[in-house]
Amino acid sequence: MTGNDLKSFTDKNQWLLSPTARALGALIIVFAMGLIFNADGAFLKWGTHRDMLRAVSVYGILACGMTIVIITGGIDLSVGSILALSAVSFSLMAIHFAMNPILAIIICLLIGTACGCSSGLLIGKYSVQPFIATLAMMVFGRGLAKWVSGGQKISTAVQQADGTYQYVEVPKVFDFVNSKVFADNITVVTLILIVCLVISWVLLTKLRQGRYIYAIGGNEEAARLSGVPVLSSKILTYGLSGLFCGIAGICQACQELQGDPEAGVAYELSAIAMVVIGGTSLKGGRGGIWLTLIGILTIGYLEKILSINAVGEDKRLMLTGAIIIAAVLLQKTRK
Amino acid sequence: MLEMQGIGKDFSGVKVLEDVCFNLAAGEVHVLAGENGAGKSTLIKVLGGVYTDHTGTVKLNGEVVNFKSVLDASKAGISIIYQELSLVGSMGVCDNVFLGREESKYSWLNKRAMLDYSAKIIKSLSLDIDLSSSVDEFSIGIQQMVEITKALAFDSKIIVMDEPTSALTEPEVEKLFDIIVKLKAEGCGIIYISHKMEEIYRIADRITVLRDGKYIGTEVAEKLPSQELIKWMVGRELNQQIPRHAPKVGEKRLEVKDIFVGGTASNPSPRVDNVSFSVRSGEILGIAGLQGSGNSELLNGIFGTYGSQATGSVQIDDEIYKPDSPAKMISRGMALLTNDRKQSGLVMEMNILRNVSLASLKRFSPHGWLRPAMEKASVEKITRSLNLKAESLYQDVDSLSGGNQQKVVMAKWVETRPKVLLLDEPTRGVDVGAKHEIYELMNSWTDQGIAIVLITSEMPELLGICDRILVMHRGKINAEFEISQATQEKILSAALGERVSQ
């Protein structure tokens, strides 16, 4: 009966009450703030938006994988560490070993995927709670990144056999990822984010596997008894999250022109925040990649607006926290 | 002592209760009957202070009361025991009994007093349980007794029980009825909601029937024969309670050999102990047994739910398999409708369409890519054939009534085109009309050559629809009856472990 009343209620206000509309609400408010506090018209220039997109891309790539993980009812705390591992590995191979960049990219993606799959295996096969399994991977991955890099930032200053440092040239692939295309209107990292969004969207809405992911998040037991391959789905989910971390790590290295083993600390929290602001439920079974895109833009614009208005980091963090709560409360009123 | 008049309630314009009256005298059991969706639960929630925005008046001992909250109602002496029990599983019996109303002094708990008091009530109910063990260690039956204890601990004079026996074993039901008699003697009024005819006539003093949110009538139980009651409930006469077609029994479809499912940590004796049986195409085999007899575990064992924990062999047509995983058993032509659609049948977060297609998704997604049009056409066809009542296939399943939810699960399994259909309590929590439809569906499936194995705790259903009945007791098959020889007495005594001549 409560279902019926909810239904007739949503019929009338269907669109306004849909998760998408609710998520858009927060974005629109933030955007309107930007129009009002436009810092002498800076907000009205496309360059500002392009820079916002560039700044938010690495987080957004992580949020793609995080969305899929959260839809299965899990969580992935290891994304920041895997990003750092990928970033140092990539810098090491591309800068110090002057390896073919394509090969270096493939190896980094494999490393990320392998890390994710290991978490997935622990979660799916040995029933370790996702929080615990990925927490362990977060610590392990950070350690691995430090070990690979020797605790140093991997930059263009390469130590020679005699102990002196010599600067090498930045490999072309770094410049490429940082470059702007389409008449300087968009950066390549943002294009990479878009590709990741599209991959996630296809998986979640067009493929059988995507349906399985929703079913597992909604009711794992019912899914298993309906013949859904739960173990392989979980390995794939966390593996994909790992793959996206690999991609994000490469982007991060290119943007910083170095591989920092300390990179990506607390990025998992930003990624989770983007997913949650979009309205994907941490309980699993509901949500979508478009919602996460809205979440990415909301956080991106918020940060950008505050920074062009020269608001200090202290206030920025406080406001971001408030926005997360506001967005989640907006979602809550659904029932 | 309770009088409800002109009760009305709507959910944003949809009337779910209209001008309903109901009264309850001290020391009586008043059964509230009606199909699912008739408004029984809503009426109870009005009484219990869950819904406060209703029309009409509620009088308690002659005085008009206006409950603002659940707490108000419970302070006024009204306790409601819902189907889904509201106990905190990880907490002890005593802690649960006093939850939210703890005895304390300067915010320090007075444990002694609470233990003594709950021990006294537990004893008066002639229960023997450890007050400090957490309640999830107990069976549903005992948990229900804990709920009753909770009600008694606060001097509730009106106790509402919403389908209390749906998950109880036969002895537990007896126990519950004993307690109801005791409560009556102490002057409590009991509102009892049930779908089970035998139960209603056993304990009811009076019966009130609701249909589609409207008050149909109240009558003393003896003056309302069951045919008449059913007529009141459904508004139509069911010419025959359970119509089994003459079965067209064919070749052997399923042969199960030496299925063994080990015990659990808390109960090490095997749940299913080397059970073998077979079913022919077009046949309905009933597996009777009290709760804990292992019949449900047997079906799950055959279906591969326990993976490698279950041993034995399952032969479908000419192929012999190990029952190692549900996914494999589904592809081999087996389907299992579990006894708890919310826990293991439906994905509540998904809509009807996605629930129905879930188990046969491979057919709708060649090379892994979904074909929405193909999926929708097929799901539309199957849900229409099952007469599913829903506004759209994109509706969430949690907005459906119990009967329609069950049809969604059935549609999911029939969509896999099974050869063998295992049905575990397919009519649990389903109203009379939908039950009838489910029987008709079982008839038509067997006509198509599907073999059905059925577990049901309702004796008339077992005797009415099955062609052959096995009775399980403590993980073993204790008796087998052709339907012509089966009687309620024989089945019950076999289920209780007695040797029965066949």
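Let me start with strand β9 of chain B: 5 bridges join β9(B) to strand β10, residues 189-193 of chain B, and the two run parallel. This is a predicted model. Within that pairing, Met161(B) has Tyr192(B) in β10(B) as its bridge partner.

β9(B) also pairs with strand β6, residues 78-81 of chain B, in the parallel sense over 4 bridges. There, Ser79(B) is bridged to Ile159(B) of β9(B).

Next, the domains. Chain B is assigned domain 1 at 2-234, domain 2 at 240-333 + 418-502, and domain 3 at 350-415. The C-alpha centres of domains 1 and 2 of chain B are 34 Å apart.

On to another sheet in chain B. An open sheet of 6 strands runs in the order β18-β19-β20-β15-β21-β22, with mixed pairing. Its edge strands, each pairing on one side only, are β18 (334-337) and β22 (476-482) of chain B. From one strand to the next, the twist averages 20 degrees. Helix α15 of chain B, residues 432-447, packs on this sheet and touches β15, β19 and β20 of chain B. The helix direction makes about 150 degrees with that of β20(B).

Last, β15 (284-288) and β21 (468-473) of chain B pair in the parallel sense over 4 bridges. In that pair, Gly286(B) stands opposite Ile469(B).

Key:
Residues numbered from 1 in each chain as written. Chains lettered and ligands numbered in written order. Predicted model: local features only at pLDDT ≥ 70, side-chain atom pairs only at ≥ 80, totals over all residues. Heavy atoms only, no water. Pairing = 2+ DSSP bridges. Axes fitted to C-alpha atoms, helices over the stretch in contact; angles between N-to-C directions. Contact = heavy atoms within 4.5 Å. Domains from an automatic or database assignment.
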